[in-house]
Structure formats: C-alpha cells, structure tokens
Amino acid sequence: MKTPRGERLNIGIFGKRNAGKSSLLNALTGQNFAVVSPEKGTTTDPVYKSMELLPVGPVVFIDTAGIDDVGEVGRLRTKKTRNILQKVDFAVLVVDAAEGISPEDIELRDAFEAAGVRHLTVFNKADITAARGENGETSLYVSAKTGAGIDALKEKIAEMNAGKSDESPLVSDLISPGDAVILVIPIDAAAPKGRIILPQQQVLRDILDSGGIAIACRETEIARVFKNEPGLDEIDEIGGIGSIEGTRGTQDAPSSRPALVITDSQVFREVADAIPPDIPLTSFSILMSRRKGALAEAVRGAKSLDEIADGDIILISEACTHHRQCGDIATVKLPRLIEKHLKNKTGARPTYEFTSGNDFPEDLSKYRLIIHCGACMINRREMLFRQNAAVQKKIPITNFGIAISHMTGILERSVSSFEGIYEGI
C-alpha cells in the first residue's frame, strides 16, 4: 500500500522568487518535476510531490510560490505560501547565495520559529558564487544545477527529523502480542468496492505489526462471534473468541477473550449492544482522532451537542474529498443523528455547513460546533492547527466517532482504553 500523504513527513520549500526552489526540488527528487524558468514567479500555487527520500523515508515535498511575489495576485499567492506552514513538519528556506539573506528570508525564518516548525536554510547557486559561510547546524550550501551538496542536504534533512514524530500509535499500546482484536467493518453503499477504507487498513496493519490476531466481521455477524454459533469452530481452535472467558494473551498462549473491539462509528450502538459490557470498545475514527490530534479536546467538544440551540450552525468537516453518496456519513447520517439526539434534549433545529479537503474556513466565529473526520488524509500538524484555531475562538470541536458515541450514550466506554481522557471532562 502506498504511504498516504497524511503519514508522510511534510517538507515545505520556501524562499523568494528565483532563489532556485523548484530547481532544488528537482535535484532532491531526481526528476524534472517542478517547472523551472528564469522568469520570476513561475510557481504560482503550492505543488505537492510524494516520494521515498533516502535516507529519510516517505515524504511529501511542497514547492511554494515566492514570498516576495507582487501585485494583488501575488498577495494571494504569498498568503497560500504562508498557509502551508499549517501543515509542514519541516521547512527548507532556499536563499540565493549570491544575494545572501534578505529581509523577506528573515521574516520567513521568524515565521518558522513562531509556528514551531523545524527548519534549515539552504544557500543555493553555490556554483556561481563563493560561499559566504560554512555549512552549519541550520544552514547548508548547495548547487541545484551541479548537484553539489544535494546528498549532504538529504542527510541533513534526515538528521534533523530523526525521531521527531509526535504521532500517537493507533493500537500497538493497547494490546499485547497474541491478543485477539475484533474489527467490525460494515460493507454498505459507502464502502469502496473491493477494498476497505484507509483507517481500517492502517489499524489492521498496526495490529499485525504488534503480533496481535485480527478478526474482521460485519456488524451483522458480531453477535455470532460471542455466541459461539456453528461456523466459528476454526476461531476457537486458534485461541479465538467463541468463549469470552480468559485473560489477556501472550505470544505463546493467545487469549480466548478479545482484548479490544474496534468498530466503524456508524454502527457503534449495534456493536455495543452485541458484545459484553466489560469488553473494551472503540472506533476507527476515535483511534485516528488520538493519532492525529488532541483526543481530550475532541471528547470535551462532544458534550456541546447537548447545548445546541435553534439556528446554531454546525460545521461538519472532512479532510478528504470524495463523491457524495445517498447515505453519506457527513452530509446525511450525522445531521440525522444530531437531530434525533436534540429531539430528546432541547428540541433545537440547527443548520449545517460542510467542507472537505483543504477548504477548512479561516473564520470560524459563526459556528457553534465543529465536527471533524478522523483526519487520515492530513498530518497531525494540520489537524492540531484546525483544533487550535477552534479552541482560540472558544468553539467546541469534536470528531465523527466521538460525537456518535456520545449521542448513543457510550462515550465513556468508547474512550475508556485511553487513560485519563474521560476523567474531569
């Protein structure tokens, strides 16, 4: 499976026009990917390139427009460039070695510092000018034209990013080798034909990497798993879950009791009713919320669903773009669940707005609540930026799975595997 963009190291290429940003990107990737021209302002919008960068690993480079672009259109381009800081894990500031550091470059470096972005200054065009300084901890001299210093730059990027990931694990810290984990995966009109969705794939892989035993079923079969009905003998023979007796397993002696049940959020209630109450239960969306953002903030935000009033605007936001279907979770199922929930609470009728992909609003002030997807298509930095933008405006923000678990009365149970998350909220 190709590593998704949200799981890659996001590296932004910044600098003035004609500093050689696109040339440097081509040299790093070994491809004529970015358009190079002596004319200033060739790069107009951020350009994304995913690749395996040795010795770094899976990365996505983001080539940006020159920070010194001019005119009204130029102002819009530089705004997009600055917005990229919301999602980059690492920034490369490209400086024309012949010109040296400019006020615009200093402003960019200050912006990196303010945003908490690790960064490296690269003096390009070293082939046509004498180096004005030595390669140092946060600076490097290279020539995109001749390739001089490019390998050293790759090594430097790897060195400065080694061990810097702050993403939480998906499941590995919740299970032990030999534990059985049940994955409840509905197959409905919204399920991609012939495959399962990305969070389900990632959770499955993490279980296997942790030495766990993954058992997948639909919500229509989950009750059978715990009743030891005919057809489940094979599961029993591998230390499976036909009987709910037993304790956590070991690598040599798998448990006959599942350590965890992970479900699609849309069938939370059905699954909760079908399994014993002492079996830990959560959802793919909640696991992604913990990996990509601040889980406690999302749990806190879900409580605001009880306080929605008539006319309040709820923003339902997805990080990906896809074709909307008749039973779409964001535009159909969530609003339906919210209205059913409010009917039993306040009777209020809110209105809804929907966004997807990069279209997260800059101005959040009109919203009473934001419900965000699991963010599998964006990195943790961008998801935290979205959460923090809401928190700064004092607007509650939660997650699809957490909102659904709250509305179905199982919020505490759905986050009980994560120590300290529910207490005090």
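Colleagues, the model is a prediction, in which local features need pLDDT of at least 70, side-chain atom pairs count only at pLDDT 80 or more, and totals for chains, interfaces and linings use all residues. Residues are numbered from 1 along each chain as its sequence is written, and side-chain values use heavy atoms, with hydrogens and water left out.

I begin with the whole protein. It contains 14 helices and 14 strands, taken as DSSP runs numbered from the N terminus (helices H or I, at least four residues; strands E, at least two). Of its 425 residues, 52% are buried, where buried means under 20% relative accessible area, exposed over 50%, and partly exposed in between (1.4 Å probe, protein chains only). The accessible surface is about 19,500 Å², with 50% of that belonging to carbon and sulfur atoms; the areas come from the Shrake-Rupley method with a 1.4 Å probe. Among contacts (heavy atoms within 4.5 Å) with a separation of 6 or more, 70% join residues 24 or more positions apart.

I turn now to helix α13, residues 400–407. How do α10 and α13 cross? The axes of α10 (residues 295–302) and α13 come within 9 Å and cross at roughly 40°. Axes here are lines fitted to C-alpha atoms, for helices over the stretch in contact, and angles run from 0 to 180 degrees between N-to-C directions. α10 is therefore oblique to α13; angles under 35 degrees count as roughly parallel, over 145 as roughly antiparallel, 65 to 115 as roughly perpendicular and the rest as oblique. On the α10 side, Leu295, Ala298, Val299 and Ala302 make the contact, and on the α13 side Ile402, Ala403 and His406.

Helix α9 (residues 284–292) also packs with α13, at an angle of about 130° and with the axes 7 Å apart. These two helices are therefore oblique to each other as well. Ser285, Ile286 and Ser289 of α9 meet Phe400, Gly401, Ile402 and Ser405 of α13.

Finally, a loop residue. Gly116 lies in the loop between α3 (103–115) and β5 (118–124). Is Gly116 buried or exposed? Gly116 is exposed, because its relative accessible area is 55%. The C-alpha atom of Gly116 is separated by 9.5 Å from that of Leu85, 31 residues apart along the chain.
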